[in-house]
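Here is a short report for a reader new to this structure. Take a look at the sequence and the model before reading on.

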Amino acid sequence: MSDKYLYRLRQVRKEYDAAREAVAFVLKNWYQPGIGDRIDTVTLSTLEETARHVERTYFIRLYAEFEGILKDHLVSNHPARAFAPEERPRIDEVITRVVQAEGLTINPRLRVRLDRARDYRNSIAHSRRVPVPPVSIQDGIAALGKMLDMLPDPRD
């Protein structure tokens, strides 16, 4: 089990919490002296839009961190199986390569949760019109963390 990898996911959660709370604070205090009048480049409506999308934005950040962790794992623990810098593998290829390199078996229920997280991330990142059930940050961390929990610490 890799505490180092799980730490990286938890850091994204902390960033999300900080962003959500900061945006909420500014919204709540927008009309207080020294708050809204000191922010020149952001309008109240933009900030309200940001508040509506902050979890989705951080879900993309969370998933990017997960993908980065898996690629880093291959580099540190299985360098012969790592992707070349110019390669742009799909996340399914990255997961498959890590699973094969580690000799893991992914529980079918976990695979469904990983697929839901991937599909939700793709629906946000690529503005797909096909409705995809949302996945919360907490559920995303739980699913992605479950897979990362199966990996040993990086060797570097």
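## About the model

This is a predicted model, in which local features need pLDDT of at least 70, side-chain atom pairs count only at pLDDT 80 or more, and totals for chains, interfaces and linings use all residues. Residues are numbered from 1 along each chain as its sequence is written, and side-chain values use heavy atoms, with hydrogens and water left out.

## The cores

A nonpolar core is a set of buried Ala, Val, Leu, Ile, Met, Phe, Trp, Tyr and Cys residues joined through side-chain atoms within 4.5 Å. Buried means under 20% relative accessible area, exposed over 50%, and partly exposed in between (1.4 Å probe, protein chains only). The largest such core holds 36 residues. F59, F66, L70, L144, M147 and L148 have the most contacts inside it.

Five helices, α1 (3-28), α2 (44-77), α3 (91-102), α4 (108-125) and α5 (137-148), each supply at least two residues of this core. Helices here are DSSP runs (H or I, at least four residues), numbered from the N terminus. The top contributor is α2, with 9 residues. Another core, of 6 residues, lies apart; V23, V26, L44 and L47 are among them.

Contact means heavy atoms within 4.5 Å. Leaving aside neighbours within four places in sequence, L70 contacts I91, V94, I95, V98, M147, L148 and L151.

## α2 against α3

The axes of α2 and α3 come within 10 Å and cross at roughly 40 degrees. Axes are lines fitted to C-alpha atoms, for helices over the stretch in contact, and angles run from 0 to 180 degrees between N-to-C directions.

From α2, Y63, F66, E67, L70, K71, H73, L74 and N77 meet I91, V94, I95, R97, V98, A101 and E102 in α3.

## α2 against α4

Here the angle is about 125 degrees, and the axes of α2 and α4 are 10 Å apart. On the α2 side, R56, F59, I60, Y63 and F66 take part. They meet L114, A117, R118, Y120, R121, I124 and A125 in α4.

## A loop residue

Where is V42 found? V42 sits in the loop between α1 and α2. Its relative accessibility is 28%, so V42 counts as partly exposed. Not counting residues up to four places away in sequence, V42 touches W30 and L47.
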